[in-house]
Amino acid sequence: MEKDDALARFAEREAFLSGVLSSSTDCIKILDLDARLTFMSEGGQKVMEVSDFNAIAGCPWPDFWRDKGNDEARAAIAAAKAGQSRSFIGQAATMRGTVKWWHVAVSPIPGADGRPARILSVSRDISDLRASEEERDRFVRLVENSNDFVGMVRTDGTVFYINDAARRMVGLEGGADAGSLSIADFLMPEE
């Protein structure tokens, strides 16, 4: 009876963990100490557009990363083998060729003796975040390089930003603080 209860608890725990792994939108992978893929969560297979994990099982994980990401992946593996965790941001394509940006956390999985026996890699798709950051950076460069007066004010009318062209137009060159100004300071009194 006790053995049956233990088996039932084990099966319940296994089903719970399987449900957690399959519902995660992160790509959770287990690597051996040679950095070869041995496991990928069901949710990870979805986000990585993997139709058959057996086709990539045993492949060297760093080879999936592009450019600097490949160097970062190799360094993260070396750190995990030394018992340290490491993270990086890099580009890698899904199995269908969709290039995405990923935030990756790599950690050692200790064996019974406490030394690293396997490696855990958790990759989160940050492509949308990266695209919005790039769009923001393009806008900032456009505003900073504009010869037009560009300023931003709060709803109460206080100024919190003016570009260099605006500073030159109103005589605030040399890094003078615009934070004490109001939008009314830029208009003629009759306006």
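Which residue in β7 is the bridge partner of Gly151?

The partner of Gly151 is Ile162. The model described here is predicted. Strand β6 (residues 151-153) and strand β7 (residues 159-162) run antiparallel and are joined by 3 bridges. Together β6 and β7 form a hairpin, with 5 residues between the two strands. In the turn, Gly157 has a positive phi of about 95 degrees.

## Aromatic pairs

The whole structure contains 3 aromatic pairs. One of them is formed by Trp65 and Phe88, whose rings are edge-to-face, 5.2 Å centre to centre, with 75 degrees between the planes. This pair links distant parts of the chain: Trp65 is in the loop between α2 (42-47) and α3 (67-81), while Phe88 is in strand β3 (residues 86-93), 23 residues apart.

Trp65 is buried, at a relative accessible area of 7%, and Phe88 is buried at 5%. Ring pairs also bring in Trp61, giving a cluster of Trp61, Trp65 and Phe88.

## Salt bridges

There are 7 salt bridges in the structure. One of them joins Glu72 to Lys68, with the closest N and O atoms 3.5 Å apart. Both residues lie in helix α3, 4 residues apart, or about one turn of the helix. Glu72 is buried, with a relative accessible area of 19%, whereas Lys68 is exposed, with 59%.

Another salt bridge connects the side chains of Lys100 and Asp125 (3.3 Å, N to O). Lys100 lies in strand β4 (residues 99-110) and Asp125 in strand β5 (residues 116-125), so this pair ties together parts 25 residues apart in sequence. Lys100 counts as buried at 14% relative accessibility, and Asp125 is partly exposed at 30%.

Methods: Residues numbered from 1 in each chain as written. Predicted model: local features only at pLDDT ≥ 70, side-chain atom pairs only at ≥ 80, totals over all residues. Heavy atoms only, no water. Phe/Tyr/Trp six-rings, centres within 6.5 Å; stacked < 30°, edge-to-face > 60°. Buried < 20%, exposed > 50% of the residue type's maximum accessible area, 1.4 Å probe, protein only. Pairing = 2+ DSSP bridges. Salt bridge = Lys/Arg side-chain N within 4 Å of Asp/Glu carboxyl O.
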